Amino acid sequence: MDRKQSIQFLSSLSLALSLGLFGMTGAVKSVNAQQGTFTPPDRGSPPVTAGGASRSNCVVGPMSIAGLIPASGEGRTVEASPALFVYVPKTSATEAEFVLKDEEENDIARMTLPLPSQAGIVKVNLSESEAMPDLEVGQDYHWYLAAICNPQNRLDDVFAEGWLQRTSASATLPNPGEISPSLAAVDRYLEANLWHDALAALVELRQSNPNDTTVTAKWEEVLSEAGLDSIAEAPLVFEKEIAAKNAK
């Protein structure tokens with residue numbers, strides 16, 4: 001099993017254990033983290049919480065920050081600059097750092113983002129930062145969203161993570177940027193394993209049809225199949241939508 005497969009296996013194992021591990025503490029973080037900069041943990045050890053997430057004292061409640069990612073740990077998209085979605089619990093942290101790395105864990109780009117004041121699902125728009133390059137087709141990317149609990153000691157960061165790959169668009173699939181979202185389009189994206197495109201369409205449907213029980217049921221079904229049942233009812237927090245504040 002190569003390094004990436006090992007990482008994906010551990011992510012899948014963590015997801016399979018679901019949210020029952022959120023009560024555990026002592027997330028593994030790099031001892032070489034420098035003040036003011038998020039350093040991902042040593043991937044030789046499995047994450048201690050589900051959903052590719054860590055815990056810290058700066059979050060309130062039983063749930064930690066968690067990426068909305070499929071059970072495999074890697075979501076695909078046809079978009080050059082897709083939107084990512086992350087559950088952020090109520091936290092004393094006011095900012096987060098988004099980090100995009102290649103499959104060898106080399107930095108590609110970083111940006112600092114404001115966090116919402118309430119718990120909920122937030123949207124990370126890669127297209128809103130000049131620091132983020134277009135994703136290349138066929139390339140694997142590792143992303144992290146680290147809530148900055150203590151700017152003076154980044155070892156206290158609480159973070160979510162996931163893998164991302166851009167794939168070629170198919171002539172038989174709707175282009176996410178050219179059509180109105182629909183449940184039929186969501187199903188076609190899911191059948192093509194385009195997780196991020198399906199999720200973005202579902203989010204837009206939820207925003208435009210908040211009282212549509214069919215849309216709500218589909219949302220809950222998709223998140224449940226990804227092992228994210230416990231955050232399926234979390235609100236979409238877009239009144240203070242995450243957007244690039246400054247780039248590093």
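**View 1. Buried residues of helix α3 in the predicted model.** The buried residues of α3 are Trp195, His196, Asp197, Ala198, Leu199, Ala201, Leu202, Val203, Leu205 and Arg206, in a structure that is a predicted model. With ten of its 14 residues buried, α3 is largely enclosed by the rest of the structure. The helix itself covers residues 195-208 and reaches 20 Å from its first C-alpha to its last, close to the 20 Å expected at 1.5 Å a residue. Its buried residues pack against the strands β2 (74-77), β3 and β8 (158-166), and also against the helices α2 (183-191) and α4 (213-225).

**View 2. Arg206 and the ring of Trp219.** Arg206, one of the buried residues of α3, places its charged end over the ring of Trp219, at 4.8 Å from the centre of that ring.

**View 3. The aromatic pair of Phe98 and Trp143.** The count of aromatic pairs comes to two, and in the one shown here Phe98 and Trp143 are stacked, with 6.2 Å from centre to centre and 20° between the planes. Because Phe98 lies in strand β4 (residues 95-102) and Trp143 in strand β7 (residues 140-147), the pair ties together parts that are 45 residues apart in sequence. Phe98 is buried, with a relative accessible area of 0%, and Trp143 also counts as buried, at 1% relative accessibility. Leaving aside residues up to four places away in sequence, Phe98 touches Trp143 and several others, among them Leu84, Met111, Val124, Met132 and Leu145.

**View 4. The largest nonpolar core and another core apart from it.** The largest nonpolar core has 29 residues, and those with the most contacts inside it are Val86, Phe98, Val124, Trp143 and Leu145. Two or more residues of this core come from each of β3, β4, β5 (107-114), β6, β7 and β8, and β7 gives the most, with four residues. Apart from this core lies another, of 28 residues, which includes Leu194, Leu205, Val215 and Ile231. In soluble globular proteins, nonpolar side chains tend to be buried together.

**View 5. The open sheet of β1, β3 and β6.** Three strands form an open sheet in the order β1-β3-β6, with antiparallel pairing. Since β1 (66-67) and β6 (120-125) stand at the edges with a single partner strand each, one side of each is left without a neighbour in the sheet. Between β1 and strand β3 (residues 83-88), the antiparallel pairing runs over two bridges, and Ala66 stands opposite Tyr87 in β3.

Terms used. Residues numbered from 1 in each chain as written. Predicted model: local features only at pLDDT ≥ 70, side-chain atom pairs only at ≥ 80, totals over all residues. Heavy atoms only, no water. Pairing = 2+ DSSP bridges. Phe/Tyr/Trp six-rings, centres within 6.5 Å; stacked < 30°, edge-to-face > 60°. Buried < 20%, exposed > 50% of the residue type's maximum accessible area, 1.4 Å probe, protein only. Lys NZ or Arg CZ within 6 Å of the ring centre and 35° of its normal. Expected span 1.5 Å × (residues − 1). Contact = heavy atoms within 4.5 Å. Core = buried A, V, L, I, M, F, W, Y, C linked by side-chain atoms within 4.5 Å.
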